[in-house]
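Biologist: I've got a model open and I'd like to learn how to read it. Could we start with the aromatic rings?

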Amino acid sequence: MKRLLASTALLAALAMPALAQDYTPDPNAKPGGGIVITYKDDVATLDPAIGYDWQNWSMIKSLFDGLMDYVPGTTELRPGLAESYEVSDDGMVFTFKLRPGVLFHNGREMTAEDVKYSLDRVTNPETQSPGAGFFGSILGYDAMADGSATTLDGVEVIDPSTVRITLSRPDATFLHVMALNFASIVPKEAVDEWGTDFGKHPVGTGAFKLAEWTIGQRLVFEKNADYWRDGVPYLDTVTFEVGQEPIVALLRLQNGEVDVPGDGIPPAKFVEVMSDPEQAARVVEGGQLHTGYITLNVNMPPLDKVEVRKAVNMAINKDRIVQIINGRAVPATQPLPPSMPGYTDGYAGYPYDPEGAKALLAEAGVPDGFETELYVMNTDPNPRIAQAIQQDLAAIGIKAAIQSLAQANVIEAGGAGTAPMIWSGGMAWIADFPDPSNFYGPILGCAGAGDGGWNWSKYCNDALDAEATEADSFTDPSASARLEMWSDVYQKVMEDAPWVPVFNEQRYTMKSARMGGDDALYVDPVSIPVNYDYVYVTE
């Protein structure tokens, strides 16, 4: 994974294009045509302040833009709606110059006021954004979070094309945050018109705009003819068909009716697909900064006892679970995946030790175990993985009833804190950007533990939050002292055991024979799962 340039001082001295070489358009790309993507579940929302799952992430990214962006198929930053920017010597003040003539889908030109409004909106508690905590370094965030302010003091409109953002502390991740979907720029009038239904009637500046949404059937995106980036998108339409079982989607791809099965290759068909040269040729494999885990709700007895949570960790046979997914992963020992900076080499985690787990349950006062519920997304292989977890827990006396639900229902239960345990598969964490802080704030930090947040264990350790904040108060994101601090944070998380890290998975997807574009666009680390702006059809 490629990373941000080493220091804020260096960034300040460079023009924006020096962050990365921008994307060279594919000379073989043909404009026009449409593609079909399938998903088992419907989409919950297309509001960039709210949407936070792998299914809607790339959809939102094609409808909206932020000040910063990434080179397609990589994690290298590049210009977005900001044409250029300057950074103060102390790394505390960012001044962004906006591109002229950028139009929202409703035809109005975007201005600095829209940037101010969008950042205020995403950090306003009334929005209930699961990404609000990403903006914690902006001056005035705390007052927004506690309800004592309605605007961010640190975001100032200098003129219609200039925005100045002042931080309360140096933040090594800030430019990445400005490239997140949560930082997308939205028009106030559209949000005012639709209110909480804005997510069903999205208006952005992106390469595509929503043309149709028939709930439970399909979404159709159409090309934004006024898109500010020259030459893209290539496609005229992208149709997302929902309610499609993954095995059916694979058959339809083989018959030429589907271009990308959004839920991936069904695990039950993986060996068959890879054994067929014609099908295997259409498989795209890519690495990912991913961890699949079981959340343990620390507010629900007896999971509120650390001994019980450690016992659950020791009960899970991770090697057997990896076998269920055809060996497409390695067992995990900690929240961070091995390729992430800050990963602790040599840390063994909790051993698979059912007898030791039973001893911990006895120590916690529940020697005979207890009854609980395990929530899981109902797309294969997740129910089968949940059954393996259920069997492992039963071996130490824990009777876990499986709640196999649609993705949106699992996410809702997790955010509301009503699920004792959740197997995160199908929704497991894939880094928003390649930095260790991204595995903490939204899914383990106090900011993510609020109602609607992605911290489904509802784990909140104020001391660790302070250490995490200190770790991010560096101007050099790759400083060894900073990465050592992050390693320490995650070791302390494991001592509290709010999770069972299970495995780190590779990504596999398929594309139809007529799909064009670099393979990296189909396993894009940012536009998960597909970068729709840059793929095309060859016929």
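Predicted model: local features only at pLDDT ≥ 70, side-chain atom pairs only at ≥ 80, totals over all residues.

Biologist: How are the planes of tyrosine 52 and phenylalanine 134 set, stacked or edge-to-face?

Modeller: Planes over 60 degrees apart count as edge-to-face. These two sit at 75 degrees, with centres 6.4 Å apart, so the pair is edge-to-face. Both tyrosine 52 and phenylalanine 134 are buried.

Biologist: Which parts does that pair tie together?

Modeller: Tyrosine 52 is in the loop between β1 and α2, and phenylalanine 134 is in the loop between α3 and α4, so the pair joins parts 82 residues apart in sequence. Both rings also belong to one aromatic cluster, whose members include Trp57, Phe182 and Trp429.

Biologist: What about phenylalanine 240 and tyrosine 532?

Modeller: That pair is edge-to-face too, at 5.2 Å centre to centre and 85 degrees between the planes. Phenylalanine 240 is in strand β10 and tyrosine 532 in the loop between β21 and β22, 292 residues apart. Both are buried.

Biologist: And which residue lies over the face of phenylalanine 270?

Modeller: Arginine 328, at 4.2 Å from the ring centre.

Biologist: Let's move to helix α3. Is aspartate 120 buried or exposed?

Modeller: Buried means under 20% relative accessible area. Aspartate 120, which lies in helix α3, has 8% relative accessibility, so it counts as buried. Leaving aside neighbours within four places in sequence, aspartate 120 touches Met144, Thr150, Thr151 and Leu152.

Methods: Residues numbered from 1 in each chain as written. Heavy atoms only, no water. Helix = DSSP H or I, 4+ residues; strand = E, 2+ residues; numbered from the N terminus. Buried < 20%, exposed > 50% of the residue type's maximum accessible area, 1.4 Å probe, protein only. Contact = heavy atoms within 4.5 Å. Phe/Tyr/Trp six-rings, centres within 6.5 Å; stacked < 30°, edge-to-face > 60°. Lys NZ or Arg CZ within 6 Å of the ring centre and 35° of its normal.
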